[in-house]
Amino acid sequence: MKKLLYLVGSAMLTALLLSATIKTKAPAPLTPECYITCFTTETRQLIELDAAKPGFGKLHPNPLILQNYTPIGEYIHYKTADGKMASGYFIKAKKPTDKWVLVFQEWWGLNDNIKNEADKLYTELGDVNVLAPDMYDGKVATTPDSAMVYMRNANADRLDAIVNGAIGYAGKNAKIYTIGWCFGGGWSLQAALLAGKQAAGCVMYYGRPENNIDRLKQLHCDVIGFFANQDQGINPQVVTRFEEDMKAAGKKLTVYRYNAGHGFANPSNPIYNKEATADANAKALAFLKAH
């Protein structure tokens with residue numbers, strides 16, 4: 001018995017010594033950047049995660065309030081596949097037409113600036129239906145802090161439902177054109193992908209590009225993009241990769257780069273660049289009319 005106890009005690013002592021000397025190295029903690037780049041993440045979710053990046057809010061000074069603005073459209077409500085209602089700012093064409101332009105908001109929400117942009121598109125394009133979906137379900141930000149919260153909490157599945165609902169509202173025979181700025185620039189491209197064969201043209205202003213070439217191969221329309229060389233978010237390297245990815249996917253992309261900052265085409269942005277905006281607007285209108 002004593003011999004047995006001795007053997008058991010020796011075995012336990014050996015096990016303790018081994019556990020003390022052979023330790024598994026603790027894994028290094030993930031950096032904030034790795035949470036975004038170390039995993040396969042859909043681009044629509046990356047658009048949401050942009051708001052979590054350090055310094056992203058600094059790219060967006062508090063928007064200026066448009067003075068004496070009177071909208072020419074109205075708010076409408078439409079059904080979505082997730083069982084909820086969505087809303088949007090709508091301007092109906094004077095004559096029946098299957099041409100629809102979906103206008104996508106900046107990270108601020110569906111504010112007066114976006115409604116004003118919808119008004120201008122309606123006026124400049126002629127007979128076309130214009131719908132700006134409310135991607136935040138009624139929430140509008142006036143400061144970067146609140147915009148950051150809304151953008152980070154904008155669930156990608158809900159955004160898909162809102163966009164698909166807008167496409168459904170337009171009807172199965174509608175030719176869908178999309179345009180958007182910043183957050184909306186990224187969703188302009190995502191909406192064109194969701195529109196499938198109904199997509200007729202996509203306009204992006206400094207929005208996050210789709211980075212999945214297989215998804216880009218499913219695109220059924222040409223894309224025109226306007227980007228800023230001083231943009232620290234969607235920087236020139238991101239734009240160059242987008243050009244390469246679209247070429248690899250066999251899709252047509254026309255890119256214009258301006259010596260300006262993020263948000264240069266927004267009149268309510270303190271860094272508004274009038275000359276760059278005028279040039280981009282003329283090219284965007286020509287693109288939409290040609291398609």
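Start with the second largest pocket, which has 13 lining residues; nearest its centre are Glu117, Lys120, Tyr205, Thr277 and Asn281. A pocket here, on a 1 Å grid over the protein atoms alone, is an open set of points where a 1.4 Å probe fits, with protein on both sides within 12 Å along at least five of seven lines, and lining residues have an atom within 4 Å of a point. The space in this pocket is about 210 Å³, a volume being what probe spheres set on the points fill, with points joined across faces, edges and corners. At least two lining residues each come from helix H4 (112-125), strand S5 (175-181) and helix H10 (274-290). Helices (H or I, at least four residues) and strands (E, at least two) are DSSP runs numbered from the N terminus.

Before I go on, the model is predicted: local features need pLDDT of at least 70, side-chain atom pairs need 80 or more, and totals for chains, interfaces and linings use all residues. Residues are numbered from 1 along each chain as its sequence is written, and side-chain values use heavy atoms, without hydrogens or water.

Now aspartate 134, in the loop between strand S4 (129-133) and helix H5 (144-152).

Finally, the chain has ten helices and eight strands. Of its 291 residues, 47% are buried, meaning under 20% relative accessible area with a 1.4 Å probe, protein chains only.

How values were computed: Buried means under 20% relative accessible area, exposed over 50%, partly exposed in between (1.4 Å probe, protein chains only).
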